Amino acid sequence: MIDLANNLVRRIGTLSRSMIRALDIEMAPLGMGSGRFSYLFMLYINEGMTQQEMAVRLQADKAAVARTLAQLEEQGYVRRDSDPRDGRVTRVFLTDKSRALRGHLEDAVGRVITQLQANLDAAQQAAIRDILQRMAESLAAGYEGINGGTGAGVNSGSPTGRKDG
């Protein structure tokens, strides 16, 4: 029987919500919501991505990505242009406003990461990264559509969703 009050999934969910709240607090003075900075970070790393590429990396549906990009564009953080080689493709680019914000965003995220890891030594941090990676790989192997997973371990006819019942 699952311990509904104290199981790993609940703890990960609680931690995720707490990190989002901390990011919202850090981002508020910058006028940037916690859900939006990840779009800019993605573009800082690889400017000119397509909306489709961003949706895949964010694991979000294309409509949600398009809406968020429209808001970021309206606020002057990004611009969207048609690809000169294929007009059906829309590429996303940073503006001077978002480039000027980069250091502040990185500092804000860095403060959250530092606080999150304050009670962990380097070995513990490395172990957690490894464990989380393995957990993500396990889900991808078992469920189609999660991080490129094939869903090879899932049988939708089973009450548990697993081939082994």
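The model is predicted: local features need pLDDT of at least 70, side-chain atom pairs count only at pLDDT 80 or more, and totals for chains, interfaces and linings use all residues. Residues are numbered from 1 along each chain as its sequence is written, and side-chain values use heavy atoms, with hydrogens and water left out. The protein chain has 6 helices and 2 strands, where helices (H or I, at least four residues) and strands (E, at least two) are DSSP runs numbered from the N terminus.

**Overall fold**

- Along the sequence, the elements of the protein chain come in the pattern α-α-α-α-β-β-α-α.
- Of the 165 residues in the protein chain, 26% are buried; buried means under 20% relative accessible area, exposed over 50%, and partly exposed in between (1.4 Å probe, protein chains only).
- Among contacts in the protein chain with a separation of 6 or more, 42% join residues 24 or more positions apart; a contact means heavy atoms within 4.5 Å.

- Buried residues in α2 are Phe 37, Tyr 39, Leu 40, Met 42, Leu 43 and Tyr 44.
- The cover over these buried residues of α2 includes the helices α1 (8-27), α3, α4 and α5, and the strands β1 (78-82) and β2 (90-94).
- The axes of α2 and α5 come within 11 Å and cross at roughly 115°; axes are lines fitted to C-alpha atoms, for helices over the stretch in contact, and angles run from 0 to 180 degrees between N-to-C directions.
- The angle makes α2 roughly perpendicular to α5; angles under 35 degrees count as roughly parallel, over 145 as roughly antiparallel, 65 to 115 as roughly perpendicular and the rest as oblique.
- The α2 and α5 crossing is left-handed; a crossing has this hand if the near helix is turned anticlockwise from the far one by less than a right angle, and is right-handed if clockwise.
- On the α2 side the contact uses Phe 37, Leu 40, Phe 41 and Tyr 44, and on the α5 side Ser 98, Arg 99, Leu 101, Arg 102, Leu 105, Glu 106 and Val 109.
- The residues of the α2 contact with α5 comprise 7 nonpolar, 1 polar and 3 charged; Ala, Val, Leu, Ile, Met, Phe, Trp, Tyr, Cys and Pro count as nonpolar, Asp, Glu, Lys and Arg as charged, and the others, Gly among them, as polar.

**Helices α3 and α4, and Gln 51**

- The axes of α3 and helix α4 (residues 62-74) come within 9 Å and cross at roughly 115°, so α3 and α4 are roughly perpendicular to each other.
- The crossing of α3 and α4 is right-handed.
- From α3, Gln 51, Gln 52, Met 54, Ala 55 and Leu 58 meet Lys 62, Val 65, Ala 66 and Leu 69 of α4.
- The residues of this contact of α3 with α4 are 6 nonpolar, 2 polar and 1 charged.
- Gln 51 belongs to helix α3 (residues 51-58) and is buried, at a relative accessible area of 19%.
- Leaving aside residues up to four places away in sequence, Gln 51 touches Val 65, Ala 66, Leu 69, Arg 80, Thr 90 and Val 92.

**Salt bridges**

- The structure holds 10 salt bridges, each a side-chain nitrogen of Lys or Arg within 4 Å of a carboxyl oxygen of Asp or Glu.
- One of them pairs the side chains of Arg 99 and Glu 47 (2.9 Å, N to O).
- Arg 99 lies in helix α5 (residues 96-116) and Glu 47 in the loop between α2 (37-45) and α3, so the pair ties together parts that are 52 residues apart in sequence.
- Arg 99 is partly exposed at 40% relative accessibility, and Glu 47 is partly exposed at 33%.
- Arg 91 and Asp 83 form a salt bridge through their side chains (2.6 Å, N to O); Arg 91 is partly exposed at 21% relative accessibility, while Asp 83 is buried at 6%.
- Glu 106 and Arg 102 also meet in a salt bridge between side chains (2.8 Å, N to O).
- Both Glu 106 and Arg 102 lie in helix α5, 4 residues apart, about one turn of the helix.
- Glu 106 is partly exposed, with a relative accessible area of 37%, and Arg 102 is partly exposed, with 34%.
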